[in-house]
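Here is a short report for someone meeting this structure for the first time. Please look at the sequence and the model before reading on.

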Amino acid sequence: MAVSAHVDENEDAPELIPGATAGVKSFVAPPETQEAIGFTPALTDGWQERALQRMGELLERYRSLRVFMDACVHCGACTDKCHYYLGTRDPNNMPVARQELMRRVYRRYFTPAGRLFPKLVGARELTKEVLEEWFTYYYQCSECRRCSIFCPYGIDTAEVTMAAREILNSVGYGQKYSNEIIGKVHRIGNNLGLNPAALRNTLEGLEEELKEEVGREIRFPVDEKGAEVLLVTPSADFFAEPHIYSLIGYAKVFHAAGISWTLSTKASEGGNFGLFIGNYDQLRRIALRIREAALELGVKRVVVGECGHAWRVAYSFWNTLIGVGAGADPEDRYGQMLQRQLDHRYKQPSHICEVTYDLLERGAIKVDPTANDRYVVTFHDSCNVARASRMGSSSEGQFEIPRAIIRRVARRFVEMNPETTRERTFCCGGGGGLLTDELLEIRVKGAKPRMKALKAAVEQEGVNFMATICAICKAQFTKVLPAYGFKMSMVGGVHQLVSNAILL
Amino acid sequence: MLVLFYVASAVFVVGLVLKLVQYGRTPAPLKIPTTPAPATRGGVIWRLVKEVTVFESLFKGDLLLWLFAILFHGGLLLVTVRHLRYFLDPVPEVIVWLQPFGIYGGMAMVVGLLGLWGRRLLIARVRYISTVSDHLWLLLLLVLAGSGLLMTFVTHPDVVAVKAFVRGAITFSPEPFPSDLMVALHLLAFFVLLVLFPFSKLLHAPGLFFSPTRNQADDPRERRHLASWAAALEREKAGAEER
């Protein structure tokens with residue numbers, strides 16, 4: 001499929017083009033994919049009651065959903081904040097309208113106003129047509145949370161999208177892409193289906209290549225008991241480009257600092273698609289692999305590689321889900337178990353950027369920034385890192401620490417338009433379970449706001465490298481940069497730059 | 001009118017309390033503050049204070065909307081303070097001193113409401129997401145504010161009698177309702193608002209305080225956060241593993 005786009009296209013388009021992306025749909029998960037992860041295989045009679053029952057359960061389990069269903073006043077502050085709306089002008093991609101797809105059903109079945117006066121408050125029955133709309137537009141949301149920073153009540157469309165996907169899954173109407181990946185992570189250990197033997201092979205090959213290239217034995221240890229650090233990283237880092245250059249960067253950092261580390265075949269995936277589909281049980285089960293690996297290998301620290309949503313899950317949820325963190329109650333057995341093992345002089349879990357930044361600050365590793373002189377670097381904040389996590393101990397560490405690393409390892413660093421960075425950053429267009437070919441059209445269009453800011457930085461400042469710390473951002477940009485006339489090699493990881501500059 | 005006074009107040013109080021209990025009892029299983037977020041309780045309170053008083057997020061999002069929203073809500077606050085004179089006896093000095101500001105408040109409300117309605121009608125995106133009830137709310141609030149201003153500047157009802165009626169109602173020693181159409185309209189509109197409050201988007205006011213993206217501290221690595229049902233799930237799974 002050839003999709004090309006221009007950043008100025010659509011600028012004079014009318015504000016709203018109803019139905020513009022109504023036809024851009026994910027593939028529905030086949031029954032065997034659903035069953036493999038314990039989900040209802042297919043949509044069958046009685047789905048409507050089951051969907052409403054699940055919705056009722058979620059309303060009781062998640063205060064976010066309950067409050068967000070009630071509190072919206074339709075003020076419209078969010079309407080022009082979503083990259084998919086800006087790229088498509090489809091009104092259903094306005095965050096409030098996306099939420100309304102569920103809120104109208106909520107009103108009809110769960111509020112007196114909607115039961116008594118459905119027309120007046122815009123309430124709507126949950127018909128097959130509505131379900132189809134959910135499936136279309138809740139898979140045109142990347143759960144990036146940009147809308148939520150502008151909402152006067154903090155309504156986060158991501159929470160609504162996750163609930164909708166959970167309801168869809170509960171009636172057997174899942175998305176093929178996400179659910180296949182979840183199947184793979186359980187069956188094989190990672191999202192890309194790389195089995196332990198293949199993983200070892202790949203890493204051995206990498207060691208040999210590096211030995212030739214830099215003349216040092218830089219190791220990529222796997223399942224090594226007693227290592228200090230367990231590195232959990234997105235599996236794309238093992239062979240995709242440009243991801244692998246960051247993996248080499250992590251290995252060089254550990255090598256140069258003399259920190260023993262290991263990867264795990266059991267936990268050979270940082271990503272956790274349980275987040276994307278809003279399924280607590282999956283989120284927890286996928287995270288549990290990390291606890292098992294950490295306990296088995298007896299590591300003192302758990303460090304997470306460059307992956308946006310993985311960092312959100314690790315930073316914000318791991319302590320809740322599996323006890324990686326601190327501060328568990330004394331009677332909280334499973335929280336205590338891991339917390340006794342971990343070294344609390346370090347934040348648990350740590351981001352690889354926190355590790356590298358700390359080593360740079362202490363002078364424990366040395367770099368030569370001229371090694372990156374061919375680059376004018378800019379930084380793309382990834383949504384899950386920017387708006388759903390932090391790094392270090394200052395509340396804006398997730399913005400400052402990666403930038404501080406870049407400034408140390410490269411001499412020319414410039415910012416993109418501040419309306420598009422830090423907490424206001426635009427999603428790459430491929431997050432939240434949308435990184436699949438059948439959604440390429442929405443992915444290309446959703447990348448437009450970021451591409452526009454990048455284009456300005458390229459033209460005004462000569463930027464030729466956009467660093468980022470997310471595997472999905474990297475994969476998405478390699479695919480869509482060419483559609484906007486850029487080279488796909490323009491995108492890469494922060495640790496790719498570290499790798500170039502570090503002195504071994 | 002007295003009966004309506006009690007019915008409306010009862011529906012408002014009971015409905016709102018039930019909603020607050022529902023919000024309070026519903027757990028937030030995961031840490032989801034929109035970051036950057038404060039790491040401490042005190043920081044969270046400060047964040048909420050800023051949201052409630054100066055609409056910080058809205059300010060970031062849409063300046064014109066923020067202006068109308070501040071005019072309306074700020075005006076509403078001043079008007080509410082002015083109306084305390086009908087409930088309190090004797091009227092505290094500070095409320096007396098603030099009386100004239102209530103009138104400016106009423107004007108600000110009307111300007112704000114007209115601005116908000118203008119947006120709803122003129123901006124295609126906002127028009128698209130507006131329901132019939134959104135327009136009716138603006139109408140109701142304009143009736144309330146408009147009738148209030150009309151009484152201040154044009155019809156001048158017997159405020160002493162109005163106060164006697166209100167004081168009588170809240171002290172359960174009823175006084176007659178002054179026969180004044182404008183006062184009746186003003187009060188009826190207010191009762192409609194009270195009755196609908198717990199069942200409508202007016203829940204945005206209490207909702208903000210319960211919004212996990214705004215009221216959670218950003219300290220997940222330091223403190224293990226476990227919701228009741230998640231803790232129960234832990235115990236159940238642990239039990240299953242041991243068996």
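Predicted model: local features only at pLDDT ≥ 70, side-chain atom pairs only at ≥ 80, totals over all residues.

Chain A has 22 helices and 9 strands. Its radius of gyration is 23 Å, close to the 23 Å that the globule rule gives for 504 residues, so chain A is as compact as a globular protein of that length. Chain B is built from 12 helices and 0 strands. Its pattern along the sequence is therefore α-α-α-α-α-α-α-α-α-α-α-α. For 243 residues, a compact globule would have a radius of gyration near 18 Å, but chain B has 22 Å.

The table sets out some values for each chain.

| Chain | Residues and buried share | Span along principal axes |
|---|---|---|
| A | 504 residues, 59% buried | roughly 75 × 55 × 40 Å |
| B | 243 residues, 32% buried | about 75 × 45 × 40 Å |

Contacts between residues at least 6 apart in sequence can be sorted by how far apart the partners are. In chain A, 78% of these contacts join residues at least 24 apart. In chain B, the share is 72%.

**Where the chains touch**

**An open sheet in chain A**

Strands of a sheet pair through backbone hydrogen bonds, either parallel or antiparallel. In chain A, 4 strands form an open sheet in the order 2-1-3-4, and the pairing is parallel. Strand 2 (261–262) and strand 4 (350–351) of chain A stand at the edges with a single partner strand each, so one side of each has no neighbour in the sheet. Strand 1 (residues 229–232) and strand 3 (residues 301–304) of chain A run parallel and are joined by 4 bridges. Leu230(A) stands opposite Val302(A) in strand 3 of chain A.

**Strand 7 and its partners**

Strand 7 of chain A pairs with two strands. It runs parallel to strand 6 (residues 377–379) of chain A, with 3 bridges between them. Here Phe379(A) stands opposite Ala467(A). Strand 7 of chain A also runs parallel to strand 8 (residues 491–493) of chain A, again through 3 bridges. In this pair Ala467(A) stands opposite Gly492(A).

Are the faces of strand 7 of chain A covered or open? Both are covered. Phe465(A) and Ala467(A) are buried on one side, and Met466(A) and Thr468(A) are buried on the other.

**Helix 21 of chain A**

Strand 7, helix 21 (residues 471–480) and strand 8 of chain A make a right-handed β-α-β unit. Why is helix 21 of chain A described as largely enclosed by the rest of the structure? The reason is that 9 of its 10 residues are buried. The buried residues include Ala471(A), Ile472(A), Phe477(A) and Val480(A). Lys474(A) and Lys479(A) are buried too. The buried residues of helix 21 of chain A pack against helix 12 (243–257), helix 14, helix 19 (440–446), strand 7 and strand 8 of chain A.

**Nonpolar cores**

In soluble globular proteins, nonpolar side chains tend to be buried together. The largest nonpolar core here has 183 residues. Those with the most contacts inside it include Ala163(A), Leu230(A), Ile405(A) and Leu497(A). Helix 14 of chain A supplies the largest share of this core, 9 residues. Apart from this core lies another, of 5 residues, among them Phe5(B), Ala8(B), Leu196(B) and Phe197(B).

Which residues are in contact with Ile405(A), leaving aside neighbours within four places in sequence? They are Cys353(A), Thr356(A), Tyr357(A), Leu360(A), Val494(A) and Val498(A).

Note on methods. Residues numbered from 1 in each chain as written. Chains lettered and ligands numbered in written order. Core = buried A, V, L, I, M, F, W, Y, C linked by C-beta atoms within 7 Å. Buried ≥ 20, exposed ≤ 12 C-beta atoms within 10 Å, placed from the backbone. Contact = placed C-beta atoms within 7 Å. Pairing = 2+ DSSP bridges. Right-handed = clockwise from strand over helix to strand, strands pointing away. Rg over C-alpha atoms; globule rule 2.2 N^0.38 Å.
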